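Hi,

Here is the structure I said I would pass on. Have a look first, and my notes follow below.

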Amino acid sequence: MSGRFERTQTQMNSPESSSSRNFMATRTVRALNEAAGLLRAPQRVVQLFSKLASDELRTTFEHRHLYSYAAATIPVADALRSVVDWILHAQRPDGGIAAYYSLLTGYSELYPEVTGYIIPTLYDFGRLTGDPTARHAAERATHWLLSLQMPSGAFPGGLRGPDSDAQPSVFNTGQILQGLVRAFVETHTETRNAEILERAVAAGDWLAAIQQADGSWTGHAAYQGAAHTYYSMVSWALAQLAAESSDPRHAAAADRNIDWVLAHVQPSGWIDGINLRGHPAYLHFIAYAIQGTLECGILRRRDDVIQAAAKPAWVLLRKFETHKRLLGTYEPDFRGGQRFSCLTGNAQMSCVWLRLFEVTGDLRYLNAALKMNEMLKHLLPIKGRRGVVGGVAGSYPIWGAYQPMRFISWGCKFLADALMLEQRLTREFEAKFEASGCA
Amino acid sequence: MRVAILCSSPYSETGCAVSARLAQLGYVPVGALTLPSWDRSTLLRKLGQWGLRDSLHYAIAKLAPGKSTLRKQVLNPYLERALRHGDGVFRGLREVARTYGFPVVTCGDQNSPRAVAQLKQWSPDLAIFTGGNILRDQVLKVPRLGILNSHLALLPEIRGMSSPEWSLLCGVPLGITIHFMDSGIDTGPILLRREFAGAADCDSLADLRNRMIAEGIELIAEAVAGLDRGTIAPVPQAGREKDCQFFVMHEQLKAVATRRLKEGRLNSVAGRSDG
């Protein structure tokens, strides 16, 4: 989701040259703009105050026991349906999916990056439930994304609105590539199949072409012009593409970047180089770095990479188990951070733990993920209007520092992924237990 | 041997049973340091552990001493032997203390300066931990020999929380370890390590825990006597470089562990006994 950052930063404020005063002014203007949204749709005041009040009550009376996972009552299937419905409602007729629903301004403009990497989630849900709606939504999303691809093969950063620019973005191209590869795999009997692969290869070729010799991505197409270790998500996409294209350049580009990321893993498990000037290291980005590394390691069959991802994942697992929560941001070496919860990062960590359980068989990962999912289900709004019900808030409480007052599409994506993984892996675990008599 | 007791509540059955059992064997505690009975977090934890019905039942048993049927009731039936006293059972630490003549001191935190000062005043050779806070160095180093803990799993294989349940799921034989506490979680030197043989008779995880707690108390008594006679010595844990810490088990996994217990799928390794 870094694209939201990228747009606000690159369009409204050049991060390399801006002073902190300009940055504050930009943020103030944005906040006023958002607040003015209530004047355009005053009916949103009710849901805004309702959410503010419920989070205030929860944080006051329930905070210590928020993660008392045993108390969650929503079945996984119901929560999953609810979250996927939120995504489907956020999809516009042309196929693009809104970035977020703001309690102040309503639905945002469409977001290519998230539309791209929601595609695998929609296909997974369609397969799991047999629901053709989700599959159809994935196809429409793919069609919309193909219309945005630049001649270079890159995809643009930021949101798509009337004033959209067309700056190519490494990260967003990588995230969209995930969706294109999956769309190719899912449509292997269809006529558009060849075109989708061709477009995905073009995106992969562009990523490989502009990659630095050390494996990182910097320059105009990288956020703030700097290299970031959370671009391991791009490596993951390239590894996925390599599996389908059989082009060694894509695999080599993925390996080069992941080797560069591995050089940033500290003895504490902290992955240096998230490198977001002007922003703290939100759990969302930390989890990106871990998740991209892990998934790339699994696809490339590299145990060193999996081990490197398992290290910070285990540190965060211990923190979650000990303190019953993860912080919304962390300082280097996980030394502390802001006390709100970044729910998207939590859902991503659940995905990471579940995949580590799948890879290693260590039940402690499954245990932590089950608790995390319980907590996330517990916070899902089960009542309210479209945009709210089934939505994953940027922060808990809703006024926390990460995407305040918003229900965000990528949060829903990661929670849906986590719930589907939970369903699959717990079923497999129980079946294995029944069959062998040995857990 | 001067033995002190560290307790999570004046009504902790385990704390009462350990104190009473040691006193029955001639090791009357020099004092017991307990956390208060009714702080909010304990209450919520107990409600979570026992449920509303059992918690109410327990509270009534504590508050209605005139009813003889309740007087005789204990939550863990396997502790009855240690808790039996005349025609009734000990209902709290203060009753045990009155009977055997040792002081009970309540403190808000077992690591507080007040608690440390009290322990130092008793000058114990050994302390037995039956529940409470995570102990810090300033408390751990007060007793001359150290502080003993009964851990409901074989160490070092399974450290931390929900240890019987994790033993069942991970295919590690059920067992109990008596060890000295150090600043890590269940990482201190081992005195006794014994496989638990009674699991086949258990019909639930709660039943299993109750039986293991009762056996742990017998092992504590054995360890105290062994230390007193000089017949046992602590052995540092091997394999500490491996992270064997486990955390509270989710209900969904507990259900699998319960099935495993009921189906009698238990591991046993010959020769896993005293360490």
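Let me start with helix α5 (residues 93-100) of chain B, which lies across β1 (3-7), β2 (31-34) and β5 of chain B, contact meaning heavy atoms within 4.5 Å. Its direction is about 150° to β5(B); axes are lines fitted to C-alpha atoms, for helices over the stretch in contact, and angles run from 0 to 180 degrees between N-to-C directions. Helices (H or I, at least four residues) and strands (E, at least two) are DSSP runs, numbered from the N terminus.

Bear in mind that this is a predicted model, where local features need pLDDT of at least 70 and side-chain atom pairs count only at pLDDT 80 or more, while totals for chains, interfaces and linings use all residues. Residues are numbered from 1 along each chain as written, chains are lettered from A and ligands numbered from 1 in the order written, and side-chain values use heavy atoms, without hydrogens and water.

Now the sheet in chain B: 7 strands make an open, mixed sheet, ordered β5-β2-β1-β6-β7-β9-β10, where pairing takes at least two DSSP bridges between two strands. β5 (104-106) and β10 (190-195) of chain B each have a single partner strand, so one side of each lacks a neighbour in the sheet. β9 (residues 175-180) of chain B runs antiparallel to β10(B), joined by 5 bridges; Ile176(B) has Arg194(B) as its bridge partner there.

Helix α9 (residues 205-229) of chain B lies across β1, β6 (126-129), β7 (146-151), β9 and β10 of chain B, at about 40° to β9(B).

As for chain A, it has 15 helices and 5 strands.

Cheers
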